[in-house]
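This report is meant for a reader who is meeting the structure for the first time. Please look at the sequence and the model before reading on.

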Amino acid sequence: MGNKWDIQVTDRWKAATVWATEGGCGGAHCNTGPPTGVTQFEITVDGGWSNDYYDISALAGFNLGLTVAPTNPTCASQICTSLSTCQGVVPGGPDRTKACKYGSASYVLTFIK
């Protein structure tokens, strides 16, 4: 597989975007927002109806495969290994944002080369 990160959200979080690049951010600062062309994990914490809302987004581009596996087994996982097989949000596709009960899960991200 690839590199894994366990994103543990708390009540101090509101929203986040996570991405990975190979070889840095092309000379730009990596903490100023995602560069164009990267696969992203997006999350809104306690975004309404006591849910976290999350998805894999390839709207800005695709550079690495990504899986999202909530630690709560009742919450849906997503996988995106290419644009054609992406279960997340892709250009021209439907909104595939998922919901998970707020405070019930952390989110394990795995970036895949």
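## Basis

This is a predicted model, in which local features need pLDDT of at least 70 and side-chain atom pairs count only at pLDDT 80 or more, while totals for chains, interfaces and linings use all residues. Residues are numbered from 1 along each chain as its sequence is written, and side-chain values use heavy atoms, with hydrogens and water left out.

## The open sheet

Four strands make up an open sheet with antiparallel pairing, in the order E2-E3-E4-E7. Strands (E) are DSSP runs of at least two residues, numbered from the N terminus, and two of them pair if DSSP finds at least two bridges between them. Strand E2 (15-19) and strand E7 (98-101) are the edge strands, each pairing on one side only.

Strand E4 (residues 51-57) is joined to E7 by four bridges, and the two run antiparallel. Tyr53 stands opposite Ala99 in E7.

## The nonpolar core

The largest nonpolar core has 22 residues, and Phe41, Ile43, Tyr54, Val68 and Tyr107 touch the most other members. Such a core is a set of buried Ala, Val, Leu, Ile, Met, Phe, Trp, Tyr and Cys residues joined through side-chain atoms within 4.5 Å. Two or more residues each come from strand E3 (40-44), E4, strand E5 (65-70) and strand E8 (107-112); the largest share, three residues, is that of E8.

Leaving aside neighbours within four places in sequence, Val68 is in contact (heavy atoms within 4.5 Å) with residues including Phe41, Tyr54, Ile56, Tyr107 and Leu109. In soluble globular proteins, nonpolar side chains tend to be buried together.

Asn51 lies in strand E4. Asn51 counts as buried because its relative accessibility is 17%; buried means under 20% relative accessible area, exposed over 50%, and partly exposed in between, with a 1.4 Å probe and protein chains only. Beyond its neighbours within four places in sequence, the contacts of Asn51 are Thr44, Val45, Asp46, Ala99, Cys100, Lys101 and Tyr102.

Gly47 sits in the loop between E3 and E4 and is partly exposed, with a relative accessible area of 40%. From C-alpha to C-alpha, Gly47 and Ala99 are 9.3 Å apart in space, although 52 residues separate them in sequence.
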